[in-house]
Amino acid sequence: MDETLAEFIKRTILKIPMTEMMTVLKAWDFLSEKQLQTVNFRQRKEPLVHDLVLLCEEKRASVHDAALLDIIYTQFHRHQKVWDVFQMSKEPGEDIDLFDMEQFKSSFVKILRRALKNVTVSFRDAEENSVWIRIAWGTQYRKPNQYKPVYVVYYSQTPYVFTSCCQLKSNIPLLGQALTIASNHHKIVKMDLRSRYLDSLKAIVFKQYNQNFETHNTAMPLQERTLELDIHMDSRIIHENRIEKERVQRVTQEAFGDYPQPRLEFAQYKLETKFKSDFNGDILAERKEPLRCLIKFSSPHLLEALKALAPAGIADAPLSPLLTCIPNKGMNYFKIRDK
Amino acid sequence: MEWANDGKSKGGVLAHLERLEIQVNRSRKNLEDPQRAQAVESALGTKIHKLRCLRDELRAEVKQRQARVKASTVNVEPDQTLEISEQEVAERRKENVKAILQAYRFTGLSGKLTSRGVCVCISTAFEGNLLDSYFIDLVIQKPLRIHHHSIPVFIPLEEISVKHLQTNIQHFLFCLCEYLNAYAGRKYQADRLQSDFAAFLAGPLRRNSLCNLLSFTYKVEPRGQSFPFCARLLYKDLTTALPTDVTVTYQGMDALSPAWEEQRASHENLFFSKPLHQVFTSFARKGEKLDMSLVS
């Protein structure tokens, strides 16, 4: 095991918090129970990591073993990456997709290697027939850089692919090509959807975020239930504008539903529109070219924050459809031009 | 008349005479009084007697009343239970209807009207086993549209709705039912194989989201006397739960003996005609038969 690999393994293990150390190592399944028992997990992190790296050397860990550990760490800490979503499409009238995971993997690697010899590709199967792919890019003359890999998450027989943001933008077309061909698709297009929360992105594109359905098992129709507001909680409080408040509540519930919203951190609107002013003779109003401006809404939980705007009295209900369409359209990047 | 209590008479002879006079008067009274006292006594006695009689009467009446009340409550209950049972009957009828509506799930296709349309529930089943339920919430407008649903993303819902949703909603729902039931059936077979017959598999079961491609290596006898066969099952028709293509191959360098070749061909036929887990159940039974023959 050469120095660079040892250093890479050391830095990867160092990233793992002590509370997760055992879980991650067991998931990795590279060091045996026996070997793990010989290590003192109560010592401080640096000597512990040193011991673990020695064990890895003993067992002759390869680049692929180290890459697998990196995937597992990233799976545990997926929020540390920002994820993009790509959508693939097929030609109409194509045959049924008989997806074979092993065929996909070998096809994917072949296409990448054909274009780029120096590349490390690793796979880890995950839940619901999905696969996590880790790609470390090199160049014609340089070995792959293990510290800047790209991660791809793909659920078989779906048109969506999730990728961690790639710093080396030049490799994206190649990645897209490999994914498209290996998964029996024709085209791939980047969606205007980005977030740290991979599970929320999945819920949005797979349309799994609203799982409330009315059945004969529910006690009351959903709408009635949610209209029993806090308003009726304390009889000593008299609410002014009760009718207006109920209207706002109803409109908000129609727009956002009564399920937990998927988690996004921002929505960005690029406006290229002409300036509209009430004043005549305003300098800006005379301008023929459209103004360009960027509006960004940020929040630890954007959709819940938007949902709370009208009931809190900060905005009028109904909210602009540009804000309420985000999960439905699967977009949080918008370009708005004059019609 | 108050006397001084020192026993000494005071006041001389006249006083003494007075005292004596009083004494005589008193004793005379006492002679008369027995009669009066007796009269008083007897009066009191009769009063006591009367009161006792009254007490006994009242006690008797109380007892009677208690008995009557008990008797009357017994008589009153049937009336009250009549009232309750009318209410109960209405409640029971309501519960019954609710239960029937809930039981419609077992028909495979049921629904509930919503404020904006209908929420349809497709309950899948395979070989009498109730499997997952999927929902589609439809908005009844022109054009008819889907509000939200719980159909897995790999089922071609888009395709089916483009073809049928606007023109023939019945056909749309039946088509969807077909796809979902077939998928549930294939998934059930794959899950059964993985969990109940893991001993027969020499390696992991390869599958995909739609469960329309299954690839595995298996042995007819779990305790390693037979050759391992590789099976590859393709389900090109997504509306069926049985494969359309089956390939069973032998993983090895030597050619197969005719006996094994026969077995290989028969296995291919088995996989075509029977659900996966049933094929393996028959392998297990054959194995038991062989064991029995060895024992005897």
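Helix α6 of chain A runs over residues 101–115, and its 15 residues reach 22 Å from first C-alpha to last, close to the 21 Å expected at 1.5 Å a residue (1.5 Å times one less than the number of residues). Helices here are DSSP runs of H or I with at least four residues, strands are E runs of at least two, and both are numbered from the N terminus. This is a predicted model, where local features need pLDDT of at least 70 and side-chain atom pairs count only at pLDDT 80 or more, while totals for chains, interfaces and linings use all residues. Residues are numbered from 1 along each chain as its sequence is written, chains are lettered from A and ligands numbered from 1 in the order written, and side-chain values use heavy atoms, leaving out hydrogens and water.

- Met101(A), Phe104(A), Lys105(A), Phe108(A), Val109(A), Ile111(A) and Leu112(A) are buried (under 20% relative accessible area, 1.4 Å probe, protein chains only).
- They sit on the same side of α6(A) because they cover an arc of only 160° around the axis, taken from the directions from the axis to the C-beta atoms.
- Over on the other side, Lys110(A) and Arg114(A) are exposed (over 50%).

**Neighbours and cap**
- The buried residues pack against β2 (119–126), β3 (130–137), β4 (150–155) and α7 (172–182) of chain A.
- Asp100(A) caps the N-terminal end, with a side-chain oxygen 3.2 Å from the backbone nitrogen of Glu102(A).

**Confidence**
- The complex gets an ipTM of 0.86 and a pTM of 0.80 from the predictor.
- Chain B averages a pLDDT of 86 (the predictor's confidence in each residue, from 0 to 100).

Notes
Contact means heavy atoms within 4.5 Å. A polar contact is a pair of N or O atoms within 3.5 Å; within protein, one must be able to donate a hydrogen and the other to accept it, and residues adjacent in sequence count only if both atoms are side-chain atoms.
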